[in-house]
Amino acid sequence: MGETMERMEKILLERNWQDLEKLVLVSSKKAIRTLVNRIYIKDGLGFWRAVEALGVASALAEEQKKDSSVELVRRYFWSLNEESGGNAWNAAEAIGSIMASNPKECGHFNWMLANLLEDESLQEGTLWGLLNLSINAPEVVDPLVERVYPFLEARDVNQRGLAVWIFSLMKACPSAKERWEIEEELHKTLIQDQEMAEIYWEGEYYHFPVSELLGKEIVTFYAREYKQADFTWNISVASSQKGLCWVGLGTPEKEEGELRTWVQKRVPGSLVIPRALPNQKVMEQLEDYFSGIRQEFNLPLDPRGTDFQLKVWEELCRIPYGETRSYGEIAQNIGNPKGQRAVGLANNKNPIAIIIPCHRVVGKKGDLVGYASGLDHKVRLLNWEAAHRHQ
């Protein structure tokens, strides 16, 4: 165990999840046992990275053995039971991390996690776990509004900050928005709250005034490769709490840089974090598209642009798979028959490639003019759709 622990400490120091994956592949039980032991020691950044790593490792182990994450969560809850001796130090953080990384498998433990808020020693860790769940699986947190609400007035600023951020994220979800309203007088108090909350997030401590967390959004970014016949696509996707807001076709490094610039303009004050969740559904549907078995996407979208741009992009989504429209036709359809040039500019600013199909817009005579990711990509997409249209 000594060698594994030494290797794990190096992984945590560098926050190197690729090496963690290698360790889990060799022995998931040993890797997870090492992290469980490490979490007993609450020593600042190393502790929090171990908590985060446990969630990552549990998701990797889940791929190897179904319901292994469920078993791990159950063991943690049992360790908090009086009959077991109640000796699970820092269990709330661990449970929250595992659940946030495996929401589909472990989401049904949501009420048990919320019940930990009754124990003063577990409150901050539980709120941190609920914060992560509100990003990856807001539907799991949605029923818990009454459990979280009292912490908006917590004396402890970290607890108060976590609760405020949870409310901010949940209010961004259309299905949960009404339930996660903050009473007017309390909202007035919180918007003036300048006390600094310290919150661990994606490898580091962040310090936010509580008032800033009232509007703090998160955009999750993920990149992967997709095979399309003899060609490999680099696809980067990003999602806000409202839906998919970015699909780019450049290298991951290029796309992340452009995304961060776009976010500063369109989603000011938000954090961009690399995370597969909650982009999984997007990735699955893109996999189907590049396999030739999907012609329509069924995803909530959050493209963010001017009113005119949004109108153009909405019209683009009406172009059937395998067909094209001219800039003039798009302009005519949105009631601006002389706006071909403006349509072209809006087309160029489309932040969600493929799914908002700007590649299906061509010149007046059918010529393939203009595509932000390059005409070679446009040709491939149109040829692919033409070949699979009637399948």
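UniProt positions are given in the numbering used here, with feature names shortened, and the annotations may be inferred rather than shown by experiment. This is a predicted model, in which local features need pLDDT of at least 70 and side-chain atom pairs count only at pLDDT 80 or more, while totals for chains, interfaces and linings use all residues. Residues are numbered from 1 along each chain as its sequence is written, and side-chain values use heavy atoms, without hydrogens and water.

**View 1. Packing of helices α2 and α4.** Helix α2 (residues 17–26) packs on helix α4 (residues 45–64) at an angle of about 50°, and their axes lie 10 Å apart. Axes are lines fitted to C-alpha atoms, for helices over the stretch in contact, and angles between N-to-C directions run from 0 to 180 degrees. Helices are DSSP runs (H or I, at least four residues) and strands likewise (E, at least two), numbered from the N terminus.

**View 2. Residues between α2 and α4.** Trp17, Leu20, Glu21, Val24 and Leu25 of α2 meet Arg49, Glu52, Ala53, Val56, Ala57, Leu60, Ala61 and Gln64 of α4 (contact means heavy atoms within 4.5 Å).

View 3. Glu14 and Lys10 form a salt bridge, with 2.9 Å between the closest N and O atoms. A salt bridge is a side-chain nitrogen of Lys or Arg within 4 Å of a carboxyl oxygen of Asp or Glu. The two residues, Glu14 and Lys10, are 4 residues apart in helix α1 (residues 2–14), so about one helical turn separates them. By this rule the count is 28 salt bridges.

View 4. An unreviewed UniProt entry annotates residues 233–303 as "domain: Methylguanine DNA methyltransferase ribonuclease-like". Over residues 233–303 the chain is 37% helix and 23% strand, with the end C-alpha atoms 21 Å apart.
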